[in-house]
Every structure is written in C-alpha cells, then in structure tokens.
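Please write a short report on the protein shown here.

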Amino acid sequence: MGKFIIKQNKQGFTFSLKAGNGEIIGTGGEVYSTLATCKNGIDSVIENAQNANVEDQTFDGHPEEKCPKFEIYLDRRREYRFRLKARNGKFILASEGYVTKAGCKNGIESVCKNVEDATVVDPE
C-alpha cells in the first residue's frame, strides 16, 4: 500500500508518494500554502492518476493525448521521466529519472496501483 508523505518547510507544504517498499515514486508539482490545499493536491493525484492516458513524448510525431495524462519524456541527462497532468493541464506529480523507458512505464503503473488505497501521513 502506498503512502503520501506531507512535509512542511518555510515555504509551505509539499508531498511525495511512496510505494509499499518505501521508494519514492513521485513528488508533488508545487508548494502549497496550507495543509488543506496540499491534501487537495493529493486528492487530485489520486483522481487523475486512475483515469490518465500515457503520452510518450520520446519520439517525433507522437500522438497527443487528452488530459489527464502521464507524459513520458527524456530529460537533459537522457533519463526517462514521467509527469502527471490533471484534467485542467496542470502538472501535479513528477518522477525521478529512469535509465530505461520500461522502468519509467513501471513507475507509472506503480503510481496507479499505489494511489488506490494510499494513506496520507501528515507532517510531524
């Protein structure tokens, strides 16, 4: 079962999604001013991840999917990453880099699986 871990810093609240094994599989797309808006961001990830298509942007002429969607892309270091965009097109979750596209796709599957019954851990 996944966990959304909320952290508070001087700027506000952020969250990350951890898989059952404790590995971080995604981090939130912004810093929220209140705990309540951070939790709304988590709710948005849960809702959008379960209905998202996958758009592979790693080749020219790729078909464009409607939001919500996971976008797979190559970063400057030539690592594969994904980001989740909500129905309104706003970026709400991002991954770390993966060496292979297959690993990146597994990360997307892990997000979809882990958000289903994820718990939310408030900041300490």
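## A buried valine and its surroundings

Val111 is buried, because its relative accessible area is 0% and the cut-off for buried is under 20%. The model is a predicted one. Val111 sits in helix H2. Leaving aside neighbours within four places in sequence, Val111 is in contact with Leu17, Ile25, Ala49, Phe70, Phe82 and Leu93. Ala86 is 25 residues from Val111 along the chain, and their C-alpha atoms are separated by 14 Å.

**The chain as a whole**

The protein chain has two helices and eight strands. In sequence order, the pattern reads β-β-β-α-β-β-β-β-α-β. How far does the C-alpha trace span along its principal axes? The spans are about 45 × 30 × 30 Å. The radius of gyration is 14 Å, which agrees with the value near 14 Å for a compact globule of 124 residues.

Of the 124 residues, 40% count as buried. The chain exposes about 7,200 Å², and carbon and sulfur atoms supply 45% of that area. Take the contacts between residues at least 6 apart in sequence: 43% of them join residues at least 24 apart. Charges come next. There are 18 positive and 18 negative charges, and their mean positions are 4 Å apart.

**The core**

The largest nonpolar core holds 27 residues. Which of them touch the most other members? They are Phe4, Phe15, Val45, Phe70, Leu84 and Val111. The elements that give two or more residues to this core are strands E1 (3-8), E2 (13-18), E5 (69-74), E6 (80-85) and E7 (91-94), together with helices H1 (35-49) and H2 (101-115).

Phe82 belongs to strand E6. Phe82 counts as buried, because its relative accessibility is 0%. Phe91 lies in strand E7. Is Phe91 buried, partly exposed or exposed? Phe91 counts as partly exposed, because its relative accessibility is 32% and that class runs between 20% and 50%.

Not counting residues up to four places away in sequence, Phe91 touches Gly29, Arg83, Leu84 and Lys85.

| Pair | Apart in sequence | C-alpha to C-alpha |
|---|---|---|
| Phe82 and Thr34 | 48 residues | 26 Å |
| Phe91 and Gly29 | 62 residues | 5.9 Å |
| Val111 and Ala86 | 25 residues | 14 Å |

**Two backbone details**

Most residues other than glycine have a negative phi, and most peptide bonds are trans. Two places in this model go the other way. A cis peptide bond joins Cys67 and Pro68, with omega about 5°. Pro68 lies in the loop between strand E4 (53-56) and strand E5.

Arg78 is not a glycine, yet has a positive phi of about 65°. The loop between E5 and E6 holds Arg78. Arg78 is exposed, because its relative accessible area is 59% and the cut-off for exposed is over 50%.

Technical notes:
Residues are numbered from 1 along each chain as its sequence is written. This is a predicted model: local features need pLDDT of at least 70, side-chain atom pairs count only at pLDDT 80 or more; totals for chains, interfaces and linings use all residues. Side-chain values use heavy atoms; hydrogens and water are left out. A nonpolar core is a set of buried Ala, Val, Leu, Ile, Met, Phe, Trp, Tyr and Cys residues joined through side-chain atoms within 4.5 Å. Buried means under 20% relative accessible area, exposed over 50%, partly exposed in between (1.4 Å probe, protein chains only). Helices (H or I, at least four residues) and strands (E, at least two) are DSSP runs, numbered from the N terminus. The radius of gyration is taken over C-alpha atoms; the globule rule is 2.2 Å times the number of residues to the power 0.38. Contact means heavy atoms within 4.5 Å. Accessible areas come from the Shrake-Rupley method with a 1.4 Å probe; for residues, only the protein chains shown count as cover. Lys and Arg count as positive and Asp and Glu as negative; His and the chain ends are not counted. The place of a charge is taken as NZ of Lys, CZ of Arg, CG of Asp or CD of Glu.
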